[in-house]
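What follows is a short report for a reader who is meeting this structure for the first time. Please keep the sequence and the model in view while reading.

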Amino acid sequence: MKFSLVAALVVVLAVAHGSEAVSLVKRDIQSDVDRITKLINDMSASITTATQDMVEKVKALEVTNTAQTYMEDSRAKIQPLVDKVQAEAAKLQEQVKPFIANIEDQIKPLTENLNAQVKPLTDNFHTQVKPLTDMMEKFFQQVMDQTKALLPPQ
């Protein structure tokens, strides 16, 4: 940043000196000084703005890098625990398999027995409900027919 200011000042002075050496006509020095001052102020403001933008970008990059480093460190610390939990879960699953198979073997006859007892009841229920549903359908059809008969012709 300092180098840019010095380089800009040298360029401005060189331009000012070169224009004075070439010009043989009387000039208004104050207007040249004002113009050079304005040019230097504009350059300074531009350099300041660019520097502030750069600082903000560097800060944002540092925050991103810090977050990414934190995530990677956390993952590295947690991964052994995750691996251990997965290994223990696999062991537990292998240990539980015989118990589950035993329970399934004990429940299967009970389920088959229950199904054998319930099937006649459901079959009987369906045979008893069928005439009732037929009767309800006929009743609703009669109500619909009588309602239509009461309506005036259209």
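The protein exposes about 14,000 Å², and carbon and sulfur atoms supply 66% of that area; accessible areas come from the Shrake-Rupley method with a 1.4 Å probe, and for residues only the protein chains shown count as cover. The model is a predicted one, in which local features need pLDDT of at least 70 and side-chain atom pairs count only at pLDDT 80 or more, while totals for chains, interfaces and linings use all residues. Residues are numbered from 1 along each chain as its sequence is written, and side-chain values use heavy atoms, with hydrogens and water left out.

Of the 154 residues of the protein, 4% count as buried, where buried means under 20% relative accessible area, exposed means over 50%, and partly exposed lies in between, again with a 1.4 Å probe and protein chains only.

The protein has 2 helices and 0 strands; helices (H or I, at least four residues) and strands (E, at least two) are DSSP runs, numbered from the N terminus. Helix α2 covers residues 29-150, and Met136 lies in it. How does the span of α2 between its end C-alpha atoms compare with that of a straight helix of 122 residues? The straight helix would span 182 Å at 1.5 Å a residue, whereas α2 spans only 113 Å; the expected span is 1.5 Å times one less than the number of residues. A kink of about 35 degrees lies in α2 at Val96, shortly before the proline Pro98, the bend at a residue being the angle between axes fitted to the seven residues ending there and the seven starting there. The buried residues of α2 are Asp32, Ile47 and Ser74.

Side chains of opposite charge can pair when their charged atoms come close. A salt bridge is taken here as a side-chain nitrogen of Lys or Arg within 4 Å of a carboxyl oxygen of Asp or Glu, and by this rule the count comes to 4 salt bridges. Among them are the pairs in the table.

| Salt bridge | Closest N and O atoms |
|---|---|
| Asp42 and Lys38 | 2.9 Å |
| Glu88 and Lys91 | 3.5 Å |
| Lys97 and Glu94 | 3.3 Å |

Asp42 and Lys38 both lie in helix α2, 4 residues apart, which is about one turn of the helix. Asp42 counts as partly exposed because its relative accessibility is 40%, whereas Lys38 is exposed, with a relative accessible area of 52%. Glu88 and Lys91 are 3 residues apart in helix α2, and therefore about one helical turn separates them; Glu88 is partly exposed at 42%.

Lys97 and Glu94 are likewise 3 residues apart in α2, so that about one helical turn separates them. Their side chains are also joined by a polar contact of 3.3 Å, meaning a pair of N or O atoms within 3.5 Å, where within protein one must be able to donate a hydrogen and the other to accept it, and where residues adjacent in sequence count only if both atoms are side-chain atoms. Lys97 is partly exposed, with a relative accessible area of 44%, and Glu94 is partly exposed at 48%.

Leu132, Met135, Met136, Phe139, Phe140 and Val143 form a nonpolar surface patch with about 580 Å² of accessible area together. Patches are made of residues with over 30% relative accessible area and no salt bridge, like charges being joined within 9 Å and nonpolar side chains (Val, Leu, Ile, Met, Phe, Trp, Tyr) within 5 Å. Met136 counts as partly exposed because its relative accessibility is 38%.
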